[in-house]
Amino acid sequence: MDRLVRAPFPLLGQTMAQRTPLYDTHVAANGKMVDFAGWDMPIHYGSQLEEHHIVRKDAGMFDVSHMLGIDLVGADALPFLRHLLANDCAKLTVEGKALYSCMLQEDGGVIDDLIVYFLASERYRIVVNAGTADKDLAWMRQQITGFNAELTPRRDLAMIAVQGPNARERFWMAFPVARAKTVLLSPFQATEWVAGEGADLSEWLIARTGYTGEDGFEIAVPVDEAAGVWAALQAVGVVPCGLGARDTLRLEAGMNLYGQDMDERVNPLESGLTWTVDFKDAGRDFIGRKALEATPPKRTFVGLVLQDRGVLRAHQAVITAHGEGETTSGSFAPTLGLSVALARVPVGVQFGDTVQVKIRDKALNAKVVKPPFARNGKSLIQEK
Amino acid sequence: MTTPANLKYAKSHEWAKLEADGTVTVGITDHAQEALGDVVFLELPEAGRVVKAGQEVAVVESVKAASDIYAPISGEIIESNGIAVDAPESINADAYGTWLFKIKPSNIAELDGLLDAAGYDAVAND
């Protein structure tokens, strides 16, 4: 078995690896470290499957400090975001609310997917992927010319995602002082402690967001506090989880992974992200809009559930009655006990269809479904 | 985990055990299962298939990746382990106790070309 047929992540093995403030913590906990998007990250701490299940059933935590927070401040912050992003940040009217969006090239290709948090009037936090952070920042700085607003990358912050049905309760056990401000957060809403506010939580940002299909918080804290926060969460029973479990959790939850399910070569309308592109305001000239409006999608983005025995992986050919497509992510889905994939297939393929996926020398049957496959601890496949 | 001294090893991380009846039982090493992580699927060869040493004959899929398994010696596949197919996680629990397939060797001398435990440890820890 000297040859790994397929690496688990597309950005594996890029450059000299960077380390997050929690690197030593991971190594001390026997984290199996791999290069992900140029960062030395734990893929698991023993069993990826157990880490997956703990997040669906209880509470796990992930070091996501490799992702980059970027602060955007200025009178033109909102007009800039409305130009920069395919989703419309004008929807962010309640302080703390977050919005998922793609950032597009002029031709509609996806530069990155990101989350924007509306912190206060004229003040936003944008969180982007690790492997694209430098490219994103360069693009944003190029586009911000003429807008009265400023971008500040926040590598001085670490980020920890605490996820699972018991994640919030356990977080409050560890940090009761944070409860009052976070207990009323609705999904996709955040709250912050500005610099100097509160004795212990200065510069913390706590968001009820995640990438697992479970409830929980994503927490940004100053880097020198990261190891202490991690240890405090572990002390109340939150289990450290690696990027391996993060990948199977997000796949089951039907969430795209940048660089795998979409990149510069495809647009969001062919990536299952039409819901994130806001065309409503005809006067809003966001980057990529003209190209998206000029080119109707030829492909559609679906979920596949393997009916035969085997494991779906990325980049397998999908044979349909309407032509050939390709899986973009695939794995054994631990919550379901079978294999699922996301796939880009020709328009015309319908939910409920049976297609064939080529795995080595075989063509195996798969059912076309609408993602997600699992969320909130449960398989959603039976109902499909 | 100690690498068993009674087995022979391929550089590609398979173990081979010469049985009393002259057949050879094949599995993957503990180092291999450790590198793969949680094993979730096995594709094993049909009995009767004639294979050459070094040829791809099986696939072990973990949650994170698929890996080819090579025949450590030439011969005819006489049996695959259906119990392991139904419980692939047994490879993680006991890699040396979970065999994948049995070969009737066409040239038993090929076994001498495989590594012993110390030789394999040197390869695995490289």
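Modeller: Let's start with two strands of chain A, E1 (residues 32–36) and E2 (residues 39–44), which are joined by 5 bridges and run antiparallel. Asp35(A) sits opposite Asp40(A) of E2(A). The two strands make a hairpin with 2 residues between them, and Ala37(A) in that turn has a positive phi of about 55°. Helices (H or I, at least four residues) and strands (E, at least two) are DSSP runs, numbered from the N terminus; two strands pair if DSSP finds at least two bridges between them.

Keep in mind that this is a predicted model, where local features need pLDDT of at least 70, side-chain atom pairs count only at pLDDT 80 or more, and totals for chains, interfaces and linings use all residues. Residues are numbered from 1 along each chain as its sequence is written, while chains are lettered from A and ligands numbered from 1 in the order in which they are written.

Next, find the closed barrel in chain A. Its 6 strands follow the order E14-E17-E16-E15-E18-E19, with antiparallel pairing. From one strand to the next, the twist averages 40°. One of the residues to look for is Ala317(A), whose bridge partner in E16(A) is Glu326(A). Helix H8(A) (residues 243–252) packs on this sheet, where it touches E16(A) and E17(A) (338–346), and its direction makes about 125° with that of E16(A).

H8(A) also meets a helix. Its axis and that of H2(A) (residues 48–57) come within 8 Å and cross at roughly 55°. H2(A) and H8(A) are therefore oblique to each other; angles under 35 degrees count as roughly parallel, over 145 as roughly antiparallel, 65 to 115 as roughly perpendicular and the rest as oblique. The crossing of H2(A) and H8(A) is right-handed; a crossing is left-handed if the near helix is turned anticlockwise from the far one by less than a right angle, and right-handed if clockwise. On the H2(A) side the contact is made by Gln48(A), Glu51(A), His52(A) and Val55(A), and on the H8(A) side by Gly244(A), Ala245(A), Thr248(A) and Leu249(A). (Residues are in contact if their C-beta atoms, placed from the backbone, lie within 7 Å.) These contact residues of H2(A) and H8(A) divide into 3 nonpolar, 4 polar and 1 charged. Here Ala, Val, Leu, Ile, Met, Phe, Trp, Tyr, Cys and Pro count as nonpolar, Asp, Glu, Lys and Arg as charged, and the others, Gly among them, as polar.

Now try another helix pair in chain A. The axes of H5(A) (residues 167–174) and H7(A) (residues 226–235) come within 9 Å and cross at roughly 110°. H5(A) and H7(A) are therefore roughly perpendicular to each other, and their crossing is right-handed. H5(A) brings Arg170(A), Phe171(A) and Ala174(A) to the contact, and H7(A) brings Ala232(A), Leu233(A) and Ala235(A). The residues of this contact between H5(A) and H7(A) are 5 nonpolar, no polar and 1 charged.

Let's finish in chain B. There, 3 strands form an open sheet in the order E4-E6-E7, with antiparallel pairing. E4(B) (39–43) and E7(B) (66–70) stand at the edges with a single partner strand each, so one side of each has no neighbour in the sheet. Neighbouring strands of this sheet are turned by 25° against each other on average, direction ignored. E4(B) and E6(B) run antiparallel, joined by 4 bridges, and Phe41(B) stands opposite Glu61(B) in E6(B). Because 4 of the 5 residues of E4(B) are buried, E4(B) is largely enclosed by the rest of the structure. (A residue is buried if 20 or more other C-beta atoms lie within 10 Å of its own, exposed if 12 or fewer, and partly exposed in between; C-beta atoms are placed from the backbone.)

Val60(B) has Ser67(B) in E7(B) as its bridge partner. Ser67(B) counts as buried, with 22 C-beta neighbours inside 10 Å. Ser67(B) and Leu42(B) are 25 residues apart in sequence, and their C-alpha atoms are 9.9 Å apart in space.

Key:
Axes fitted to C-alpha atoms, helices over the stretch in contact; angles between N-to-C directions. Contact = placed C-beta atoms within 7 Å.
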